[in-house]
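Open the model in your viewer and keep the selection tool ready. This tour goes stop by stop.

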Amino acid sequence: MSEQQIEANRLLVNRFYHELWNDWQFDIISDLLSPDLVFHGSLGTPKTGHEGFIEYANQLRSAFPDFKNSVEDIIAEEQKVAACLTFRGTHEGEIFGIEPTGRTIQFVGVGIFVFRADLISHIWVLGDRLSLLQQLSDRDPITE
């Protein structure tokens, strides 16, 4: 694989976070994601295809309407890219059975992307759910 293709994959991941997620531009989804996308997000509900991804994104958006991703670092090689991320938002809708708290949250995670035919075909996002749950609750989910 050429350095040019590796850089193109890196740019696609940046567009995924900045345009698709942060700006909620679902109209560019077919420019970035394979129609048979397999998406495993931190909420624990795997999704497939464009509609599945949009459903997932809207679920997160309903809980955190101002949800933003910051890409801290990207590592790219061959057909895979890993992105180190910081997630931020305000809890204004129910998630994990927790009613809105109005709290501002911030947690970290990593996204792993696999490419096929110049589109993202698989995504695994591993966010620090424990940190998120601790911020949304007055309880410690580990000790209780």
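This is a predicted model: local features need pLDDT of at least 70, side-chain atom pairs count only at pLDDT 80 or more; totals for chains, interfaces and linings use all residues.

Residues are numbered from 1 along each chain as its sequence is written, and side-chain values use heavy atoms, with hydrogens and water left out.

**Stop 1: the core**

Select Phe16, Trp21, Leu33, Phe53 and Phe113. In the largest nonpolar core, which has 41 residues, these five touch the most other members. Such a core is a set of buried Ala, Val, Leu, Ile, Met, Phe, Trp, Tyr and Cys residues joined through side-chain atoms within 4.5 Å. Buried means under 20% relative accessible area, exposed over 50%, and partly exposed in between (1.4 Å probe, protein chains only). Next, colour helix H1, residues 3–21. H1 gives this core its largest share, seven residues. Helices (H or I, at least four residues) and strands (E, at least two) are DSSP runs, numbered from the N terminus. In soluble globular proteins, nonpolar side chains tend to be buried together.

Now centre on Phe53. What is it in contact with, leaving aside neighbours within four places in sequence? The list is Phe16, Leu20, Trp21, Ile29, Leu33, Leu37, Phe39, Lys47 and Thr48. Contact means heavy atoms within 4.5 Å.

**Stop 2: strand S1 and its partners**

Select S1, residues 33–40, and S6, residues 119–127. They pair in the parallel sense over four bridges. Pairing requires at least two bridges found by DSSP between two strands. Find Phe39; opposite it stands Ile123 in S6.

**Stop 3: Asn22**

Go to the loop between H1 and helix H2 (29–32), where Asn22 is found. Is Asn22 buried or exposed? Asn22 counts as buried because its relative accessibility is 9%. A polar atom of the Asn22 side chain lies 2.7 Å from the backbone nitrogen of Asn69. Beyond four places in sequence, Asn22 is in contact with Tyr17, Phe67, Lys68 and Asn69.

**Stop 4: the loop between S5 and S6**

Select Ala117, in the loop between strand S5 (104–116) and S6. Its phi is positive, near 55°. Asp118 is in the loop between S5 and S6 too, with a positive phi of about 65°. Most residues other than glycine have a negative phi. Ala117 is exposed, at 67% relative accessible area. Asp118 also counts as exposed, at 52%.

Terms used. A polar contact is a pair of N or O atoms within 3.5 Å; within protein, one must be able to donate a hydrogen and the other to accept it, and residues adjacent in sequence count only if both atoms are side-chain atoms.
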